[in-house]
Amino acid sequence: MEFDSNRPIYLQLLEDFRIKISVGEWEAGGKILPVRDLAKTYEVNPNTVQRALQELEREGLCESRRTAGRFVTDDKKKIKSLTGKTFETLADDFVEGSINLNLEKDEALRLLKNYWEENYDNN
């Protein structure tokens, strides 16, 4: 994962963790890797991972079980609502990127539509 130097790394990790939950990569009720393993995977300080996981826990998307580790919530409604929020984050990135490229809304949407059709409609 490449990090944006203009945003705190823990927030970027938090967004990635939310995506993993919303798409089912981290399954409902499933165990989350230990902090040190995640830190090694993402090549970041364990304290940064810990901060992102604490925020995830505060949001009710995971829970700590003493001596057993952290687990993804098994609340399917909460996970379903996360999908909408995750989409909003991705859409926000798309809009900001388009603005940074000085694209008008119609042009950005046309380019996105073309890209989608060329790369995903036949899958």
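The model is predicted, so local features need pLDDT of at least 70 and side-chain atom pairs count only at pLDDT 80 or more, while totals for chains, interfaces and linings use all residues. Residues are numbered from 1 along each chain as its sequence is written, and side-chain values use heavy atoms, with hydrogens and water left out.

Let's begin with the elements, which are DSSP runs numbered from the N terminus (helices are H or I with at least four residues, strands are E with at least two).

| Element | Residues |
|---|---|
| Strand 1 | 62-65 |
| Strand 2 | 69-72 |
| Helix 2 | 35-42 |
| Helix 3 | 46-58 |

**The hairpin**

Strand 1 and strand 2 run antiparallel and are joined by four bridges; two strands pair if DSSP finds at least two bridges between them. Arg 65 has Gly 69 of strand 2 as its bridge partner. Three residues lie between the strands, and Thr 67 takes a positive phi near 70 degrees in this hairpin. Thr 67 counts as exposed because its relative accessibility is 86% (exposed means over 50% relative accessible area, with a 1.4 Å probe and protein chains only). From C-alpha to C-alpha, Thr 67 is 29 Å from Met 1, and the two are 66 residues apart in sequence.

**The helix pair**

Val 35, Arg 36, Leu 38 and Ala 39 of helix 2 meet Pro 46, Val 49, Gln 50 and Leu 53 of helix 3, where contact means heavy atoms within 4.5 Å.

Methods:
Buried means under 20% relative accessible area, exposed over 50%, partly exposed in between (1.4 Å probe, protein chains only). Axes are lines fitted to C-alpha atoms, for helices over the stretch in contact, and angles run from 0 to 180 degrees between N-to-C directions.
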